Structure formats: C-alpha cells, structure tokens
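Please examine the model shown below. The paragraphs that follow discuss its aromatic side chains, its surface and the confidence of the prediction.

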Amino acid sequence: MNTLITINEIYYLIGVIVMLLVGMTLRDKGNPKRLTTALFWFLFGSVFLFSDLLVSSLGKPLAYRIIGVVVILLSLIAGFGLLSIGTYKQRSAEQRQASANQYGNWIFVPAILIPVVTVLCTLLLKGVAIGGVYLLDQKQLTLAALCVGCICAILAGWKLTGGTPLHAVRESRRLLDAIGWAAVLPQMLAMLGGVFVAAQTGKSVQQVVGLFVNPENRFMLIVIYCVGMALFTMIMGNAFAAFPVMTAGIALPFIIVGQHADPAPLVTIGMLAGYCGTLMTPMAANYNIVPAALLELKDKYQVIKVQIPTGITLLAANILLMYFIVFR
C-alpha cells in the first residue's frame, strides 16, 4: 500500500532545509570560517539527500563506506575547530521586549503544537488510509508525526507573527551556528551504540566482571550495574545506547539469571541509573550543551556543573532502591 508522507521524503525535506542553511552561510562574509562551516553542513545535509541514490547506484557496501568517510570528515572539521558563528540581523533588546509584550503567552503556541500534534498523529493515524493510501509512514509513524508537528508549528508561527517560513530557516541557521557540532552528536552516538551492539561488547563486559567480582555478592553486582550504566551513558551520551551493553553484560547473566532478580524493576531502575549519567556529561548534547548555547551562557558546561550533585544523589538512591526491591 502506498504512503502519502514517507520517512524518506522527510529526510529529503531535512536535506533541503540544511542546504538552504549552507547557501546562507556561504553568503555570510562576516563569518570568518564560512567555507568550512558551510562544508560541514553540506556534508551533513548530503547524507539525507543522497544516501538512497548512493545505495541504488553503488550498492550498500560502497555507499556505507562513503557515508563513513563523510562522518570522519565531519568529525575532523569539528575537532579542528573549523566551525564558526556567522552574523545575523537581530532586533534590539527593546524591540524584543515589545514583541514579547505584544504576543504574551501566545508565543509558546508553536512550541506546544509540536508535541501535541506528534502525539495525536501517532495515536490517531496508526493504520489510517484514504483511498488505499496511508497518510503517514506506518513503519516510522512517530518520526512522520513529528515532521507534521514541526510543519504545523512553523505555519502557526507564521500566522502569529506575520513572518515568513524563510524567517524560520534564517533563525534555524542562527541556532545551528550557536549549537555547532553538538547538533549532530545524537546521530553520531546512535551509530556508536549500534557498533557496540554489533561488536558484542556486552559479552566482553560480562567476562571482565566475572574476573574481578564475586557473582554471589548481590550488592556489589548492583553497584557495578548502576554505576556502569551511568558511566557508559556518560561516554555514549545516551542511556538507550548503554542499556543493551550493560544489561547483556551484567544484569542478565549475574543478577537476573544468577541471583533470580525480578527483571522488570531491575531494568527500569537500571535505565534511571543511566539517566543519572545523562545529567553529568557533555556527550548528552541535547540536554546539557544545547540549552547552554540557546541561553547564551558564558560557561557552556554550567548546566552540567549544576546537575552533578543531583546526578550523584539520584544514582546512590537508585542503587539502594534496586538492591531492596528486585530480589524475590
């Protein structure tokens, strides 16, 4: 059955928007590193636009290698500090305050529309077809719904402010320049998580733990699992990437099978322990680096520094909670 909005079309849309940002960056002569900044975003957008073409024309093995080279180039450009912030036409503080007074809380409507529309489309459009055509990609329903939510937010902002969609693209460039390489970090870390799973890192973790820890010491196993989830999340920037590695390496063989723990609360609290690591790492860019950039904080690690005491306290609480409730 055909689909009206497919995930590939969404990727193409993302690629087109990124290419618009590339064009704006190239025209910005006030950016001291406009060429390398534009190259960075061009390579990033090319993955969305041309991946299918590469796979169909060159085959998966060669296409994947080319995309791997693109990822390395992105890392090199970011690693050598070749990204820079451009120049933008911004209103004065008085003009921004006047706009805030004019629109009041209505200015939050576009932002609220994104999650509301996403949830509604996900719940209501599952399996919905008109004339034999699905409205949204059923295999990637949430992502397709998120795209619809973002489009609705842009249209609402356009109506509310009297601006144009091009204004949204220009503002996107300012935000991306402020965030920098951290904007693509979640995708990078997701790929890294897949690499760890394919490499069966969980088995290696199991072997190492088996060498140094008494498998009958329940409390120590709990500590290693929770602390391991937090540390691996700090490295990966994502508790979902750390979860399969640490659960397959420690929780499943030693705690669930070896100590007959209840798996449901065990893995749930294990994820919470991973989230403690999220609070304490710059690798979780969406949570810790992006807000600092958007708020224009002088210290980009200020958010992390404030959250560290909370993260450590919650981790200790999760260790005790797991120890006292998971064993039957």
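In this predicted model, one aromatic cluster is formed by Tyr11, Phe40, Trp41, Phe44 and Phe48. By the rule applied here, the count of aromatic pairs comes to eight. One of them joins Phe44 and Phe48: the ring centres are 5.2 Å apart and the planes stand at 75 degrees, and because planes over 60 degrees apart count as edge-to-face, the pair is classed in that way. Phe44 and Phe48 are four residues apart in helix α2 (residues 34-58), so about one helical turn separates them. Both Phe44 and Phe48 are buried.

Another edge-to-face aromatic pair consists of Phe219 and Tyr323, with 5.3 Å from centre to centre and 85 degrees between the planes. Phe219 belongs to helix α10 (residues 218-236) and Tyr323 to helix α14, so this pair ties together parts that are 104 residues apart in sequence. Phe219 is partly exposed, with a relative accessible area of 36%, and Tyr323 is also partly exposed, at 29%. A ring can also meet a charge: the charged end of Arg218 sits over the ring of Phe327, 4.2 Å from its centre.

On the surface, a nonpolar patch is formed by Ile107, Phe108, Ile112, Val116, Val119, Leu120, Leu123 and Leu124, which together have about 780 Å² of accessible area. Leu124 lies in helix α5 (residues 109-124) and is exposed, with a relative accessible area of 59%.

Finally, consider confidence. The chain has an average pLDDT of 88, and 99% of the residues score at least 70.

Methods: Residues numbered from 1 in each chain as written. Predicted model: local features only at pLDDT ≥ 70, side-chain atom pairs only at ≥ 80, totals over all residues. Heavy atoms only, no water. pLDDT = per-residue confidence, 0-100. Patch = residues over 30% accessible without salt bridge, like charges linked within 9 Å, V, L, I, M, F, W, Y side chains within 5 Å. Areas by Shrake-Rupley, 256 points an atom, 1.4 Å probe, with all protein chains shown as cover. Salt bridge = Lys/Arg side-chain N within 4 Å of Asp/Glu carboxyl O. Helix = DSSP H or I, 4+ residues; strand = E, 2+ residues; numbered from the N terminus. Buried < 20%, exposed > 50% of the residue type's maximum accessible area, 1.4 Å probe, protein only. Phe/Tyr/Trp six-rings, centres within 6.5 Å; stacked < 30°, edge-to-face > 60°. Lys NZ or Arg CZ within 6 Å of the ring centre and 35° of its normal.
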